[in-house]
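Student: I'd like to learn how to read an interface between two chains. Could you walk me through one?
Tutor: Gladly! Let's take a look together.

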6 protein chains.
Amino acid sequence: MLLHLSTWQEVETYLSHSSGIIIPIGSTEQHGPTGLIGTDAICAEAIAKGVGEATQALVSPTINVGMALHHTAFPGTISLKPTTLIQVVKDYITSLTRVGFTHYFFINGHGGNIATLKAAFSETYAHVADINLPKAYQVKCQVGNWFMCSSVYKLAKELYGDQEGSHATPSEVALTQYIYPDAIKQAPLTPEVAKGYPIYGAQDFRQHYPDGRMGSNPALATPEQGQQFYELAVKELSQSYLEFLQ
Amino acid sequence: MLLHLSTWQEVETYLSHSSGIIIPIGSTEQHGPTGLIGTDAICAEAIAKGVGEATQALVSPTINVGMALHHTAFPGTISLKPTTLIQVVKDYITSLTRVGFTHYFFINGHGGNIATLKAAFSETYAHVADINLPKAYQVKCQVGNWFMCSSVYKLAKELYGDQEGSHATPSEVALTQYIYPDAIKQAPLTPEVAKGYPIYGAQDFRQHYPDGRMGSNPALATPEQGQQFYELAVKELSQSYLEFLQ
Amino acid sequence: MLLHLSTWQEVETYLSHSSGIIIPIGSTEQHGPTGLIGTDAICAEAIAKGVGEATQALVSPTINVGMALHHTAFPGTISLKPTTLIQVVKDYITSLTRVGFTHYFFINGHGGNIATLKAAFSETYAHVADINLPKAYQVKCQVGNWFMCSSVYKLAKELYGDQEGSHATPSEVALTQYIYPDAIKQAPLTPEVAKGYPIYGAQDFRQHYPDGRMGSNPALATPEQGQQFYELAVKELSQSYLEFLQ
Amino acid sequence: MLLHLSTWQEVETYLSHSSGIIIPIGSTEQHGPTGLIGTDAICAEAIAKGVGEATQALVSPTINVGMALHHTAFPGTISLKPTTLIQVVKDYITSLTRVGFTHYFFINGHGGNIATLKAAFSETYAHVADINLPKAYQVKCQVGNWFMCSSVYKLAKELYGDQEGSHATPSEVALTQYIYPDAIKQAPLTPEVAKGYPIYGAQDFRQHYPDGRMGSNPALATPEQGQQFYELAVKELSQSYLEFLQ
Amino acid sequence: MLLHLSTWQEVETYLSHSSGIIIPIGSTEQHGPTGLIGTDAICAEAIAKGVGEATQALVSPTINVGMALHHTAFPGTISLKPTTLIQVVKDYITSLTRVGFTHYFFINGHGGNIATLKAAFSETYAHVADINLPKAYQVKCQVGNWFMCSSVYKLAKELYGDQEGSHATPSEVALTQYIYPDAIKQAPLTPEVAKGYPIYGAQDFRQHYPDGRMGSNPALATPEQGQQFYELAVKELSQSYLEFLQ
Amino acid sequence: MLLHLSTWQEVETYLSHSSGIIIPIGSTEQHGPTGLIGTDAICAEAIAKGVGEATQALVSPTINVGMALHHTAFPGTISLKPTTLIQVVKDYITSLTRVGFTHYFFINGHGGNIATLKAAFSETYAHVADINLPKAYQVKCQVGNWFMCSSVYKLAKELYGDQEGSHATPSEVALTQYIYPDAIKQAPLTPEVAKGYPIYGAQDFRQHYPDGRMGSNPALATPEQGQQFYELAVKELSQSYLEFLQ
């Protein structure tokens, strides 16, 4: 059940039997010469819809732009500051808690969002209590990172080994190829790619990772593998969501 | 050209001949018993894509959640506070101006966003100058509200007269029916519907507009009309965008 | 009844029969070679006092500095950022609602304030509810722009036609001449004046409107016309205020 | 020279020989049964105008509402939060420094503003440097509290002794009587009035100072004394301003 | 009783008989060629511990970094912006009031903190009321500046006369020598030292006070004098704290 | 070399050969019936000093209060909100970068700080670039969590097995016993202790972890073990710091 395709009365009915909601969150950032800028949002949204179908859960619209400041030296990246993203998450949860939601399951497609999401959850628990919302003390948030699912991680290791890397990975590129087969990109990739250098500011990132990839070889990706990742992630996160509700 | 389906190198190429971008912005809010909660985002996104195709412009991911605090007494509404939305817009434009964009055309599906967007533009012009971005003085923002296009307005008047109302209107419902024909909703609508009362806070709004509609009769909507609105809006806003670039 | 010339006990008495208050808001910004920098505040304050007398309403001190970032490339302009003005309005209304006021009628002299005021109202409705003020749900705000009163607009059209323009207009200059006859300014005005260009940032504004006027010919203004505008605006806004209270 | 009665070109001329400006700041707060709510703003504004005349200095519009949170349990008080007032001051000074002002002399009528003003100055010095304004390093702010002028203090002691108190004092009431002789208030005053209790929150303040006065007997005030205070304050602060400029 | 060396159950017991707490606050800023960068925090912490022992009061961990923006042109200074320090103080008091504390006695070692602390107190009184904490209306804050104790001031005058100065003073240096005898510094001091110039921004400060001292001769300091200051300050502030509790 | 025991001239000298600094950060929060409220700050500070000695690095004063909102239902906890802590970290790094520091190594004693610290680093990299600090692009931050050092983790496993738990652990209690042997606490501990439940808001936390421990048995701790942990952590983090500098 997709929130944006529902009416408020359908949501009211939904709330009579569940107070959980799935919120997909991605990022709009460079993903190397062949990765889509929307990769993280595309993956999170597709998997969230799959989990929503599998668990009869309501799925909110996707937060398309996340915390990607370190990618902003590349054209096309859009990023919120961490403090902005914290306000956004706080506003989402405040709106929804006001009408009875209590369990927020963020399906996340971007590693760079994790720290800020966790900070936002802490800020939000205190905020809903401060404004004395009736269900404040029942509010619970959880992040489900599809790319960190153990089954996903295992498959990526099997398929790509070290060439999975940590940004613009073949696994995420494969997933976008499965979702958008018409948007598969071709571009020359240097065989050697930087890896292992920590992430600091945007200029520093681009200097050390000049084409945007971090140790990855996205040329290995295929749409068929993308489908495998999709199915594994949906299965594992559906399980997580159901456990979270209990 | 959709940003989320592009690579950063494609965006770099785009920037060599254009510094304009279209940003769809909607809202996630109740739209009466038969209107989709995502109506404003759905309409803005579809029209933005149409304008992007017609003008070869880059289209960013949609800002799905806008300023809808007055609808938050209805289940399913999610709203940013105005100050949060201002930060979000500022962060978007700061990210994009840093790499060379200068012209921001927001295609908007929600009346409630307009004031905050305008406030955000003022805040942003000053901010990009304060942080001394090279192109700060060239930054320009404009809002194109599809529902206020003169051709759209005229058609809505012809088709629905007074029953167009001002929220959960047949014109916007028709447009969502055209875009999502599988999500056409049926629900009983009272023949009499409140209208003309100003918008204040959320409780007050719900008290005066108990089913969420403001003077509208969305039962008049058809997908065919939706297509007409779509085409008119795309045509008129494409023209606006091209004028804006000059 | 002017708040700054009242005692707290007089306000307490006032609150026993009315919970409305008029808040004049202007701007401190360039108004061309012959317009006073305080024009918008002067006009708003004078009209607010007139409305207060006509309706027995309490009038607060004037917010002299508003949102005029686009005028800050001219000496003498002072502007709040939109987010600052939102905080100011929120603080005003919170203070006053705490002791029993509920109806806030802003008499505004500056077009550039409108968007931010509307954003501020939305932010404030949510805020007073969040902090659980007893009368939170009764709080209502309205903007009355004197220069947009239909009678004012009609007279300006009659008197000045196209030379009314949209900033440093003869109508507002006339009004300040009526209020401050000793501060009527003379300066050479070019016959041709820029008009029709949209408002973006401060540098861009000054570049396109080098002497600060927007399509206006303030040399047409007379104090007598100012008085006419004053009387029309007071009459029309008094009516609006009384309707707002009901 | 009053900013609100000047044109931008007059300000430009002024800036060719001075970069100083006087900013009156008051408060809108209860002043006991006979004191005007606008007392602090009225006094600051009148004295600032006097100083402006005496020193040929430019005087900005008055900040009418200051930091008076501790008075908000009395009807009619309007207060900014300290953090809001800091933003306001920062915005004022940023606007003015951008066009060449560097010396900001705040003539203050309210003890409760002092701490926040000083905090605002520190915040602002860093801010104008952070945004790299050309004259950032020359920006200097000073507060001149008229009621703390030594000549004023001495006269108040002579005239009223212990009955001067520390809020709703006969000296400030006298000054408003001189400025607004038509707004002299009569109300019964208990002979005994609380004093010496520190200021904490609003409820606590009203509980300890039930009629709003702090140890004062404003019944002693006369307009003639008000004139004396006015003249002493103008003289002493004019001297301070001229020293500040050097 | 030191908070950081206590268990939560011990604090629970403490709260059964007292709701007061002492919060030391200092600064991390240059103190001239021979003064320790931590001087203000070191002094505040030592005296706070002494007062805690003398009065059986709970002492919180020290706020080591305060408002020292004007010292940031010297290496080693760390400063919070005033608005940040206000948030910090608000968060401290909110946390502690939530579990039952109501009386906050800040023992302060830095003049530059005073204004911001007072602003923070006002902000906080309103905040704890806004979020409806049960004990909101009992919250009281006070600053005890050890260097402004009358006994301390008198001794400093006796020992150093005009050479006490106002920053990097022999009295505070003496106190740090008593507390950290192993960290007594030697460095050449020019006999003449700037004094009397007001504090504005950081660059301006360093330009006028090139070695960081303000009119002081810290070479006069001895550890024995430090002990005297320590004992006087502990005695006087212990008295103040006990009076504050009543 | 401890910053608070240094002079600014010593820091200037230090900067001629190193631009790195170690910043200890802890928390002030309940640590079960026998753990000190200052545990996390105490441990971080002691280890930071050890690392500073081992590597000749400068060590800043400790951030004693961190992000511990989930512990605020227990008396004695003090927490910053995540957004406050982000501002604090931003202010620290901005102050220090202004004078030439570039490498910030946070030695952290509290798991709850990690997410907010990472968010703060991202915010700060962008901020120092926005304000155009000369060394902005060289700024780098890293967190070293002593309790996650592999050698520490291994020893804790060997000594305590499952009874290490995840809060109020015997390893951290042991370390505080080594540092403050006079503050070793005795209190009855239930043999069974809750574990495995995720962390949400403060009320929820206390409900699930009624005595504050999370799966730990701190009764196993001894000062001798504390010394072992100290030495392991100092060694491992010294190595990390030196690698970070390169």
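Student: What area is buried between chain A and chain B, and what share of it do carbon and sulfur atoms give?
Tutor: Keep in mind that this is a predicted model. About 4100 Å² is buried between chain A and chain B, with 64% of that area coming from carbon and sulfur atoms. Chain A brings 52 residues to the contact, and chain B brings 52 residues.

Student: How many salt bridges does the rule find across the interface of chain A and chain B?
Tutor: A salt bridge here needs a Lys or Arg side-chain nitrogen within 4 Å of a carboxyl oxygen of Asp or Glu. By that rule there are four across the interface of chain A and chain B. One of them pairs the side chains of A:Glu12 and B:Arg206, at 4.0 Å from N to O. Polar contacts are counted separately: 18 residue pairs link chain A and chain B, both partners at pLDDT 80 or more.

Student: Which helix supplies the largest share of the side of chain A that touches chain B?
Tutor: Both α1 (8-15) and α3 (82-98) of chain A give at least two residues to that side. The largest share, eight residues, is from α3(A). By residue type, the side of chain A that touches chain B has 24 nonpolar, 20 polar and eight charged residues.

Conventions: Residues are numbered from 1 along each chain as its sequence is written. Chains are lettered from A and ligands numbered from 1 in the order in which they are written. This is a predicted model: local features need pLDDT of at least 70, side-chain atom pairs count only at pLDDT 80 or more; totals for chains, interfaces and linings use all residues. Side-chain values use heavy atoms; hydrogens and water are left out. Contact means heavy atoms within 4.5 Å. Buried area is the accessible area (1.4 Å probe) that two parts lose on being put together, summed over both. A polar contact is a pair of N or O atoms within 3.5 Å; within protein, one must be able to donate a hydrogen and the other to accept it, and residues adjacent in sequence count only if both atoms are side-chain atoms. Helices (H or I, at least four residues) and strands (E, at least two) are DSSP runs, numbered from the N terminus. Ala, Val, Leu, Ile, Met, Phe, Trp, Tyr, Cys and Pro count as nonpolar, Asp, Glu, Lys and Arg as charged, and the others, Gly among them, as polar.
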